[in-house]
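Thank you all for coming.

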Amino acid sequence: MSKATDVISPDSSVHHDEHDHHDHIPKGITRWLFTTNHKDIGTLYLWFAFIMFLVGGAMAMVIRAELFQPGLQIVEPNFFNQMTTVHGLIMVFGAVMPAFTGLANWLVPMMIGAPDMALPRMNNWSFWILPGAFLILLSSLFMEGGGPAFGWTFYAPLSTTYSGDSTALFVFSVHIMGISSIMGAINVIVTIFNMRAPGMTWMKMPLFVWTWLITAFLLIAVMPVLAGAVTMVLTDKFFGTSFFDAAGGGDPVMFQHIFWFFGHPEVYIMILPAFGIISQIVPTFSRKKLFGYASMVYATASIALLSFVVWAHHMFTTGMPVYMEMFFMFATMLISVPTGVKVFNWVATMWRGSLTFEMPMMFAIAFIVLFTIGGLSGLMLAITPVDFQYHDTYFVVAHFHYVLVTGAVFSIMAAVYYWLPKWTGKMYDTTLAKWHFWCSLVSVNVLFFPMHFVGLAGMPRRIPDYALQFADFNKWISLGGFAFGLSQLIFLALLIKACRKQGEPVSAQVWDGAEGLEWEIPSPAPYHTFDTPPVVK
Amino acid sequence: MKQLTNVIAKGAAALPFLLFSHFLSAQQAAEEVSSLNLRRGATDISGQVYDLHMLMFFICVGIAVVVFGVMFASMYLHRKSRGAKPANFHENVKVEIAWTVVPFLILIFMAVPAANTLIAMEDVSEADMTVLVTGSQWKWHYKYMDSDVEYYSLLATQREQIENKFEKTDNYLLEVDRPLVIPTGKKVRFLITSDDVIHSWWVPDFAVKKDANPGFINEAWAKVNEPGIYRGQCAELCGKDHGYMPVVVIAKEPAAFEAWMGEQEDIVRQAKEEEQRLLSMNMSMDELMKEGERVYNTTCAACHMPNGEGLPGVFPALKGSKMALEDQKGHIEIVLHGKSGTAMQAFNKMLSLKEIAAVVTYERNAWGNNTGDMVQAKDVNDVAMGN
């Protein structure tokens, strides 16, 4: 990536009158309701994601409290299933995805030298329909019969013939979430294609921009498939169709094929932007250019393409012909090659750099190690004959929490620590940050690592009660869970302090190894940036 | 190769044990080691799967050690506080080709044994006997295809243990009233299907986990080497009591299995005769209510709840319901045949005429449903015959 110079062009045709009052920031609630400013919308997305993270986390606390000991203590099995279902939906659609969209809103225009997102009014809408979607989902928990209790994967016919009436609300809220995601993705694509500053060629774009561009295409490709799946669930349940009912000529396994055709690319939607973030942070604190920039771009693209041909590895036990099992096993194994390339590139970037370990770097290093552990257990899961043993056990739960919590969520935290001083103009409270990091790091491993053991020993997932041989580890897992949950309150305190603009003022560059357009505008970033495009050399 | 993995496997089995030994007393150690890792199991296939698992595990550990080793070395050697000056390199085609090609070769090394094991596992041909396994909410049904023997297998753990009123016993949640019995040394084929939602029949010691899909039949097989009791669980979320539908399989020597089979066939014959005899007999209200309560609590209470109030919005209440108070024929019919499009199953296969008579009587007289109706086996038979 190249250094850019902020050449202020005297060309008045670029400089419209309405932009004269640069930092006239609207006040009050209407600023947030009617905003079309990418920075405001980014902030809204990030706070929304964090609140959802706490709500979904509270549900995880209910789950872990029930699983602290064998026997039923706190909740009934039916409510337990609602907790696992809504926890999953909230974390995927309410926490991780909106957080990445928030980061894209804040960063993509600043990184490519654009004044805002290309479609600012749609941007406002794509955020403001989200709280409604989650209110609908959460309110279904208070319905007679409770909320959705069929797992976030809503396999038919459990979600059709055998579900409660809240399924209608579930379907409606997923539709709204999907519309929001698609609008966000369209905005990212249009912005990147049309609004790059002069000289910002494709192969000069920061990797965060590249990974988000590819993610946006994945979103547009698969969110309609999810919409199709929920619509078929809706009509099967309420309008007498038989898409997933063998008695009417349908097939329940077809549901799983459709769901995972969405679901597997969805997994990469939640991790590709993380790769981008880590690829921004590691070079900064290594004071060295990213190793293998071009191979990083190609690796991201090949992961995205491969993600469309591996979906049935979630379904090895459904009874597929052996040649299909082989195909999906080999295709899945293949994904580890470009993913490995990424990890090797990060390590090579650090190699012979000049390393310092500020908080973004600490989270990035934790990401590399713990995400790799999740990736390696993913490689084990790809091997069909052993997947028969791992499938639907806590080994899988351990695997996807390593890639999603210590992967995606840690990358989001790394990103917040990295760009927060740019957003507020003040350094965050570094003492609180250290407490947050170390408490999270220790507790998250106490939480998720023993899940590998209970899974291998035979504990199925999604059960409210378990056999006695799993009791010791579950106690530790629950204690780790409570500690991890509490650790996030430290983060909350830090964020509140940062938003009140407490702390030492920072320079424009903030970190002494940071490169890229966003580090050349003042800190805090002005309300409007790049009214006149910078020229990238 | 196999020996090598065996040796490494033994070392590995000890490794996590050493790491976590602080919360295991020495005495427990021998039993507790298996709560950390996959089991070798009781069939040749499950042994192969275990070897494959350990092979994968060590390759992954090896990769992790190398990658993290380099990274941690860099974090130590190349830190700014030690005066490290950043180098300038940022690409190297040879290195990049190497770390694309080498992982690819490792993958091929993994794929070959994996494919061989998979092909062996999926070969269901030339089975010595066949058992039809049918899942339903929340129990398993086993039917021996070469005889009349078929029965349901329900969780045997007492409700009071689950509710923490009694102390939990050793096989808590992993015990059933009637386990599946199969012979050792014979290739047993399992046909797996479901009556309602998707379940998954899993016995870890056989390395068999296959989904039970409604309307479709899956196949799996096991040839068990050692007699013993093998325990597993339903592995696919199947609704409220998904955690309470264990699988227990007893493997017996062929001679012992034949003897057991003979006994079961006798029991089936006697039960049929008993059924006929009961048609011409009437039970007293007390007998009906007592039997009905037993059947209700094992079969119906999971959904309709022990107090008959159901779960509002999910499972309808029987207490005060129109069906239980007025429509006696409809009541018997729905118990016999279920209600399509809902979770209400057909119980004509699972319960005897006497049991259905008793449970319908119970539901019409318990919890304040004081209709005074008595239903006899004959009445149930009449409805079943379409009279």
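This is a predicted model: local features need pLDDT of at least 70, side-chain atom pairs count only at pLDDT 80 or more; totals for chains, interfaces and linings use all residues.

Let me begin in chain B, where helix H3 (residues 44-77) and helix H4 (residues 93-121) pack at an angle of about 165°, with their axes 10 Å apart. Helices here are DSSP runs of H or I with at least four residues, strands are runs of E with at least two, and both are numbered from the N terminus. The axes are lines fitted to C-alpha atoms, for helices over the stretch in contact, and angles run from 0 to 180 degrees between N-to-C directions. H3(B) and H4(B) are therefore roughly antiparallel to each other, in a scheme where angles under 35 degrees count as roughly parallel, over 145 as roughly antiparallel, 65 to 115 as roughly perpendicular and the rest as oblique.

Residues are numbered from 1 along each chain as its sequence is written, and chains are lettered from A and ligands numbered from 1 in the order in which they are written.

Coming back to this pair, the crossing of H3(B) and H4(B) is left-handed, the term used if the near helix is turned anticlockwise from the far one by less than a right angle, with right-handed for clockwise. On the H3(B) side the residues that meet H4(B) include Leu52(B), Met56(B) and Ile59(B), and among their counterparts in H4(B) are Ile106(B), Met110(B) and Pro113(B); contact means that the C-beta atoms, placed from the backbone, lie within 7 Å. The residues of this contact between H3(B) and H4(B) divide into 11 nonpolar, 2 polar and no charged, where Ala, Val, Leu, Ile, Met, Phe, Trp, Tyr, Cys and Pro count as nonpolar, Asp, Glu, Lys and Arg as charged, and the others, Gly among them, as polar.

What angle do helix H10 (residues 353-365) and helix H11 (residues 377-384) of chain B make where they pack? The angle is about 105°, with the axes 8 Å apart, and that makes H10(B) roughly perpendicular to H11(B). The contact is made by residues including Leu353(B) and Ile356(B) of H10(B), and Val380(B) and Asn381(B) of H11(B), and by class the contact of H10(B) with H11(B) has 5 nonpolar, 1 polar and 2 charged residues.

Chain B also holds sheets, and one of them is an open sheet of 5 strands in the order E4-E10-E9-E6-E7, with mixed pairing; two strands pair if DSSP finds at least two bridges between them. Strand E4 (180-183) and strand E7 (208-212) of chain B stand at the edges with a single partner strand each, so one side of each is left without a neighbour in the sheet. From one strand to the next, the twist averages 25°. Strand E6 (residues 199-203) of chain B runs antiparallel to E7(B), joined by 5 bridges, and Trp201(B) stands opposite Lys210(B) in E7(B). Helix H6 (residues 254-279) of chain B packs on this sheet, touching E4 and strand E10 (246-252), and its direction makes about 135° with that of E4(B).

Another open sheet of 5 strands in chain B has the order E3-E2-E1-E5-E8, again with mixed pairing. Here strand E3 (150-153) and strand E8 (218-223) of chain B are at the edges, each with a single partner strand, so one side of each has no neighbour in the sheet. Strand E1 (residues 129-136) and strand E5 (residues 187-194) of chain B pair in the parallel sense over 7 bridges, and Leu132(B) has Leu191(B) in E5(B) as its bridge partner.

Turning to the whole chains, chain B comes to 11 helices and 10 strands, and chain A has 16 helices and 2 strands. For 387 residues a compact globule would have a radius of gyration near 21 Å, but chain B has 28 Å; the radius is taken over C-alpha atoms, and the globule rule is 2.2 Å times the number of residues to the power 0.38. For the 537 residues of chain A the rule gives near 24 Å, and its 23 Å agrees.

Finally, 84 residues of chain B are in contact with 83 residues of chain A. H3, H4 and E7 of chain B each supply at least two residues of the side that touches chain A.

Methods. Two residues are in contact if their C-beta atoms, placed from the backbone, lie within 7 Å.
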